[in-house]
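Hi there,

Here is the structure I promised to pass on to you. Have a look at it first, and then read on for some notes on its salt bridges.

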Amino acid sequence: MSLTQTIKEKALDLGFVGVGVATPEPFILYAEELNGRLQMYAWGKTLSQNTSVRDLDLTRFVDPARFLPEVKSLIVVTDSYFEEDFPPSLAGKIGRCYLKGLFCPEESPHSRRRKEFKKFLQGLGMKVLYGPAPARMAGARAGVTNYGKNCFAFANEAVGQSSWVVNEPYLVDRELDPDLPTLQVGCPENCQQCIEACPTGALYAPLKMDPRKCIAFHSYFNDGEIPRDLRPKMGTWVYGCDLCQEGCPRNKKWLGKTKTMNQALMERAEHLQVTTLLTMSQEHYAQKVWPLLYYIRKENRKLWQRNAAVALGNQGDPDTIPFLITALKDPEPIVRGHVAWALGRIGGSRARKALEKGRKLEQVEKVRGEMEKALAWGLD
Ligand code: SF4
Ligand code: SF4
């Protein structure tokens with residue numbers, strides 16, 4: 001068996017759903033695309049200052065040799081995050097890939113197989129570097145995925161050829177047998193349901209997405225106010241957004257397939273309910289939420305509460321008003337401001353009374369302004 005074949009068999013044995021090999025030349029198309037709209041990605045360069053992820057200067061990933069000068073091949077494995085079903089109570093609230101904890105600080109089958117695969121490659125005498133390449137384009141070059149107009153990578157063979165997958169490149173200093181690239185869009189010519197499904201216009205053309213308008217971006221990378229015009233468009237999403245994948249006909253078959261329930265997540269779901277997130281303690285956040293959903297810093301619980309307030313406002317269920325009234329007394333102005341917006345959006349006499357009372361006590365002008373705007377909607 002060839003070395004390439006041995007490596008591929010190992011990857012599949014470990015549970016990856018796809019594996020391919022790509023040549024390591026610079027990703028020129030990727031560089032051209034980025035350079036055409038650098039302003040959309042400038043935020044990535046200082047990301048670690050506000051969040052608990054590393055800086056994301058995408059322009060650094062153009063040339064794999066920048067990270068491993070001896071690079072000869074890219075091995076790209078594909079991992080699936082939708083083999084099991086997700087708790088229905090979290091649907092439309094937290095994105096599936098985050099719930100599956102693909103890269104979270106907790107140990108998971110995903111992190112275990114990643115480590116084991118790296119160890120295996122090193123055991124073959126290779127110099128190995130995990131990660132630094134544009135994952136979707138590397139996957140297409142390695143023949144494991146193709147593109148959707150929604151910018152996602154779609155598996156060529158696995159998981160019903162859907163986009164519920166991630167690609168993970170490993171740079172190695174060994175020449176392996178490259179696969180035939182599948183750098184193409186696999187969508188029906190006239191389809192643009194993903195673009196129509198995107199509530200914010202972030203996905204503005206085939207293969208073009210402006211992250212600064214994306215619900216997912218605002219849910220975890222915006223550490224300030226959610227822009228008022230965006231709030232109603234966020235629906236009930238508190239972390240991530242799956243709409244441009246859910247609305248895609250290429251994903252429908254896998255979405256509708258009967259799967260076993262992820263029991264561990266089912267047990268965890270009660271800790272992630274939106275009303276719980278709105279009023280959670282720091283202890284709850286640090287122990288029950290952050291280890292799985294970690295992009296927002298541990299000290300920024302208030303951003304989760306902010307998101308939960310917006311989600312409840314959009315959900316519009318008067319039964320959640322008592323939770324919002326409790327959160328209207330939160331010490332963080334950003335929480336109170338978004339709660340005021342949510343109460344205004346839900347409306348009714350209980351919401352109005354709480355806002356009138358809150359306005360009298362409120363010391364922060366900006367929050368008082370949110371309360372006044374909410375009251376001006378005429379809530380009865
Ligand atoms: S994740 Fe949501 S907001 Fe972002 S592009 Fe997709 S549909 Fe639009
Ligand atoms: S919704 Fe249509 S255009 Fe968008 S990714 Fe799916 S198949 Fe392609």
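Let's start with one pair: the side chains of K366 and E225 form a salt bridge, with N and O 2.9 Å apart. The two residues are 141 positions apart in the chain, so look for them in separate places: K366 belongs to helix 18 (residues 365-376), while E225 lies in the loop between helix 8 (215-220) and helix 9 (243-246). Please keep in mind that this is a predicted model.

Are these two partners buried or exposed? K366 is exposed, because its relative accessible area of 55% is over the 50% cut-off. E225 has 32%, so it counts as partly exposed.

Next, find E33 and K208, whose side chains meet in another salt bridge at 2.9 Å from N to O. This bridge also connects distant parts of the chain, with E33 in helix 2 (residues 28-35) and K208 in strand 8 (residues 208-209), 175 residues apart. Both ends are partly exposed: E33 has a relative accessible area of 31%, and K208 has 26%.

Happy exploring!

Terms used. Residues numbered from 1 in each chain as written. Chains lettered and ligands numbered in written order. Predicted model: local features only at pLDDT ≥ 70, side-chain atom pairs only at ≥ 80, totals over all residues. Heavy atoms only, no water. Salt bridge = Lys/Arg side-chain N within 4 Å of Asp/Glu carboxyl O. Helix = DSSP H or I, 4+ residues; strand = E, 2+ residues; numbered from the N terminus. Buried < 20%, exposed > 50% of the residue type's maximum accessible area, 1.4 Å probe, protein only.
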